[in-house]
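This report covers two ligand sites and one chain interface. The sequence and structure come first.

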Amino acid sequence: MGGSLNANHLLFLGHGALWTIGLSLIAFAGGGIAAFIIALCRISPNRAVRIVTAGYVQLIQGTPLLVIMFLSYFGLSAIGFSISPLAAAGASLTVYVSAYLGEIWRGCIQAVPKPQWEAAEGLALTKAERMTKVILPQAIRIATPPTVGFMVQIIKNTSLASVVGFVELARAGQIINNSLFEPFLTYSVIAVIYFALCYPISRLSRRLERRSGLPRIKPVTA
Amino acid sequence: MNLILDFPAILERWPLFLDGAWLTLQLALIATLLGGVIGVVGAMGRRSSNAVLSRICTIYVEGIRNTPLLVQIFLVYFGLASLGLKFSAFTVAAAALTINVGAYTTEIIRAGFDAVPRGQIEAAEGLALSRAQIYWNVILWPGIEKVYPALTSQFVLLMLASSVTSQISAEELTAVANYVQSDTYRAFETYILVAIVYVILSLIMRAGFWALGLVIFPRRRRLGTPL
Amino acid sequence: MDTNGAVVSARDVHKSFGPLKVLDGIDFEVQRGEVMVIIGRSGSGKSTALRCLDRFETIDEGEIIVCGHHVSDPNIDLRALRQDVGIVFQSYNLFPHLTVEENIILAPCSVKRASKTAAKEQAKRVLAQVGLEEKLHYYPEQLSGGQQQRAAIARSLAMQPKVMLFDEVTSALDPELTGEVLKVIEALAADGMTMVMVTHEMGFAKGIADQVLFMHRGKVHESGPATILTSPTTPELAQFVGKEL
Amino acid sequence: MDTNGAVVSARDVHKSFGPLKVLDGIDFEVQRGEVMVIIGRSGSGKSTALRCLDRFETIDEGEIIVCGHHVSDPNIDLRALRQDVGIVFQSYNLFPHLTVEENIILAPCSVKRASKTAAKEQAKRVLAQVGLEEKLHYYPEQLSGGQQQRAAIARSLAMQPKVMLFDEVTSALDPELTGEVLKVIEALAADGMTMVMVTHEMGFAKGIADQVLFMHRGKVHESGPATILTSPTTPELAQFVGKEL
Amino acid sequence: DLLDDIMAAKKIRIATDLAIPPSGMMDGSMKPTGSDVETAQLLAKDWGLELEFIQTTGATRIPNVQTNKADIIISTLSVTPERAKVIDFSKPYAALQSVVGCLKAVQVKDWPDLKGKTIAVSRGTTQDTALTNMKDRELTLARFDDDATMVTAAVSGQADCMATSATIVNQVGVKNPARPFEPKVLITTFDLAIGIRKGEPRLVEKLNEWVSANLKNGKLNEIYKKFHGSELPAAMLQ
Ligand SMILES: Nc1ncnc2c1ncn2[C@@H]1O[C@H](COP(=O)(O)OP(=O)(O)OP(=O)(O)O)[C@@H](O)[C@H]1O
Ligand SMILES: Nc1ncnc2c1ncn2[C@@H]1O[C@H](COP(=O)(O)OP(=O)(O)OP(=O)(O)O)[C@@H](O)[C@H]1O
Ligand SMILES: [Mg+2]
Ligand SMILES: [Mg+2]
């Protein structure tokens, strides 16, 4: 205990920040794919599929990410599936992102005006063609700003991966703080690093929002 | 497998969990109420033609949204202490959550205000309503109505996020869970139970918001449009 | 400026949006009880001219006086002006979260500080005027387009304006609903309301207008009594009315 | 069902939305090269009747045959039907993320597997047909309403449909732009295209219709050649056309 | 069984929380250090095994061994009957003196003096449980998630006292000359032991032997003294 913040500490924090970025990327890749499937299921013509996915979304959105992490890492092991910390964190973040992003994207797909769907149908396009050539290109435009905005939340939420043993930015900060007993200094440094990671993305999302000229509602987490 | 789940050992501490859940709900309610007020004022500030005012609101929103809630809580808690001000953990937790959710609410409500069509405002101007009357009658309620689902989600997220106030000694649900699990070392049972309680709390909040929506948006009640 | 007793008078009004000159020296006068109809192709500046009268746009040059208010004066008391002027737009703009009655009593109660009972009495009266008595407690989305537009007119009437401005109030409606709304406007004209309206309904214009203003490229290209619609003197107006099928 | 060589035939078509009976036994036939105009007041079921022809709505009872496709058959090959039928709506519905050319070649390339070069050739041809050759590489938002509507017609034409359906294609347009679009439709009629259209333009209907269908409360209330518009036999139609100012 | 597995793998995985000084922490060059860390290193060396630290947080120490993600825990586990239902403990390898520490200047001699004062404590620790159970003493507790926050709360004045190990109280006194803290009231002395998942008697047996041997030869005492500044209770060293 004791000492003061030195270059080694900063290096340690930098290493943690890399994990934060890495986990965020995994969350986005995995979560993005799963969210796309969730979004399609939420607008499926099949009622049962819609209800089941709506239940899934409600359940995940009502459960703290920390608990999802804990149960997927230790819970799966306990029932016999041994799973690496990376896989557990990846899976949890994927599940978590899919529920939130899936809802955002569903909204964006449904925001493409109904006449556009009908016009595509009237031109004898198949279901797949309708989606890929008419609806999705328009939905992507609507979806880009809120999706980018959501990335900020993901970056902040990867901190919960510490529960499965990752020393990412927040945990690195905690370890340093608990050696130095300098919470102000340490947490200010962490805040600055998070801000540096998040602010450019917030700005980008805002720019996109302004350019697309669409009034929209940001998805948000604390 | 050498793990045997023993829920009774955890469930016998139900009064603790109940207290924790109640505190979580109280924190969520206070922050929702005050955060909602901040959101309305902040949204008006961001839309204001006064550059300084709108700048201040923007800095507030960006500063809060791009840093973790935990850091904000520490800053409020220890910051107040270093100024020689001592408040209960509950007060500080509620204040920090309010400041946090206020920033998100500001953004959401601003989007709602911006979504009120220009023509509506012109129509009100044409009827000789004053600026304040226009805000109250034509922008505020329809604007909030437009973003009500997003607001609901935001406040539910706030309730889930309130768990970090356990760090500054607020005895809410997660704090209780941490206490019980380090006292008994039954982490699985505790976390599963806590997850269930959180899901229930979030359903309660959603139901509450739905009911409130019926009261404050009479048109929804009459026409049955889903909120 | 001498208004010759006119309720509305515009003198040499100029207005640009950035580089785009939209009004390029407009003059007209409307006497008490007169109906003036503005026609012209899309983009000719009709809406802009009308909006300038109620100061939804500020003008660059010239002078506008409406009911004694100097609209072009930067220090004008806007709320006083708008108590004397009623304006109705193409897109109704009823407040969707209020019932028809609440829409109507909002301004009298807030602006004129009328009592709720008196305002409700009056709401019934103006709704009867537009033939919508029984829709008092409906929400706008429960009404047809024509009914919504009539409710919007009633809302304006409740402020007892001295002048009414209408901007293409029927162009979102089908012929039958258009008929409903035009009937209400005809009745207002018969009651002696001073009105300025932009419309594409040539037949209606012929029947109701005391004065027709044909706008073309930001100027009053031709104006006069309704007969100019049947015997235009400029080729542009001839082409414009000839297009009407 | 025997279609008497008709391209479009509807027999005793019934259709409800929940408790609301919208089509209450509709019968009509359209021969090759004929133009049928559907008129009627708002809510009388015109759009619904038209949409049933291209199976945007399923019917509850009755039979519809279009170009030999049994539209009322639940197992119909929808894409085959829609290759033979072109439909154009009031709100254009061009795809905003594609240029006019891309809008036009999308369906021929995807559905008919036409080569890109061939499809582009054809895009030029159909755009010339609607007088928009030079707008090939514009995005929809860069066009005026009338131009967008003509581009939408061109997009339908590129699929070389045997029947064209139009639903109030001019009601979002001002009189001048309306003229542009109607001219295109007239030219199509002159070329012998079979068409069914819902319109409020009575003058136009008189000029172009081989057959007029007046719908009232979900029924064909009066029908016949265009002359019924000038000498209606039912009071409802008389009232409807009389309303036209 | 687990002992054979460890020996066969030539590697032992030890769960340690590196954010609870002075037992587990990082030194200035960000290498693990602390009394638990050195204890673990000594064990691995004695048994001729490679050592892998499994980084845990307070909440995940136990699940890590329960689900076989770590072999044993050396992370300031104090022994209580409640906990012994869930995992097995070795013989105690160290002990912690739990105290309530207050500002030097404050007049506190015994429990009654603590009435009306806010006592900061780390949530779920044995100090927490002990004080919580002293219902009739009317203590005001403020629970924090970890020692660092707890200490900061006391130092910054959000709390008047802290209930923790005597070691920490003394170090806070050294680090903050402006607000020096010192131990005032002894709560009790807790045994610290190695945690092993249930059903591994041979491993427990072997650990007990190792603990006894190293208490006798003074190595564990040396480690303890290095980080905690005081000797282990004499009774333990027999
Ligand atoms: N707020 C504005 N900013 C920039 N240009 C504008 C604005 N409002 C109108 N304009 C432009 O001014 C011109 C005149 O518009 P105006 O709305 O007065 O025409 P209009 O005669 O009413 O046409 P329409 O029959 O289509 O309603 C148009 O070219 C329009 O694009
Ligand atoms: N999808 C639907 N669900 C429920 N009701 C519908 C639906 N589509 C149309 N209707 C109702 O069916 C009736 C007929 O509608 P339709 O659109 O066919 O009328 P229309 O003659 O085309 O009227 P307009 O001239 O206004 O376009 C209306 O009362 C309408 O509200
Ligand atoms: Mg206009
Ligand atoms: Mg229709």
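The shell around ligand 1 divides into 3 nonpolar, 6 polar and 3 charged residues. In this classification, Ala, Val, Leu, Ile, Met, Phe, Trp, Tyr, Cys and Pro are nonpolar, Asp, Glu, Lys and Arg are charged, and the others, Gly among them, are polar. The model is predicted: local features need pLDDT of at least 70 and side-chain atom pairs pLDDT 80 or more, while totals for chains, interfaces and linings use all residues. Residues are numbered from 1 along each chain as its sequence is written, chains are lettered from A and ligands numbered from 1 in the order in which they are written, and side-chain values use heavy atoms, without hydrogens and water.

**Ligand 1**

Which residues surround ligand 1? They are Phe17(C), Leu20(C), Val22(C), Arg41(C), Ser42(C), Gly43(C), Ser44(C), Gly45(C), Lys46(C), Ser47(C), Thr48(C) and Glu168(C). A residue belongs here if one of its heavy atoms lies within 4 Å of the ligand.

Polar contacts are pairs of N or O atoms within 3.5 Å; within protein, one atom must be able to donate a hydrogen and the other to accept it, and residues adjacent in sequence count only if both atoms are side-chain atoms. A polar backbone atom of Ser44(C) is 3.3 Å from an oxygen atom of ligand 1. For Gly45(C), again with a polar backbone atom, the distance to a ligand 1 oxygen is 3.1 Å. Lys46(C) uses a polar side-chain atom, 2.8 Å from an oxygen atom of ligand 1.

On its own, ligand 1 has 630 Å² of accessible area, and the protein covers 58% of this. Such areas come from the Shrake-Rupley method with a 1.4 Å probe; for residues, only the protein chains shown count as cover. Two or more shell residues come from each of β2 (20-30) and α1 (46-53) of chain C. The largest share, 3 residues, is from α1(C). Helices (H or I, at least four residues) and strands (E, at least two) are DSSP runs, numbered from the N terminus.

**Ligand 2**

Around ligand 2 the shell lies in chain D and includes Phe17(D), Arg41(D) and Glu168(D). Its residues divide into 3 nonpolar, 6 polar and 3 charged. The table lists its polar contacts.

| Residue | Atom of the residue | Distance to an oxygen atom of ligand 2 |
|---|---|---|
| Gly43(D) | polar backbone atom | 2.8 Å |
| Lys46(D) | polar side-chain atom | 2.8 Å |
| Ser47(D) | polar side-chain atom | 2.6 Å |

Taken alone, ligand 2 exposes 630 Å², of which the protein buries 59%. The elements giving two or more residues to this shell are β2 (20-30) and α1 (46-53) of chain D. α1(D) gives the most, with 3 residues.

**Chains E and A**

How many residues of chain E are in contact with chain A? The count is 26, and they meet 29 residues of chain A. Contact means heavy atoms within 4.5 Å. About 2300 Å² is buried between the two chains, with carbon and sulfur atoms giving 64%. Buried area is the accessible area (1.4 Å probe) lost when two parts are put together, summed over both. In chain E, Met30(E), Lys69(E) and Lys175(E) lose the most area to chain A, together 24% of what that side buries.

There is 1 salt bridge between chain E and chain A. Arg171(A) forms it with Asp17(E), the closest N and O atoms being 3.2 Å apart. The criterion is a side-chain nitrogen of Lys or Arg within 4 Å of a carboxyl oxygen of Asp or Glu. Residue pairs in polar contact number 4, both residues at pLDDT 80 or more.
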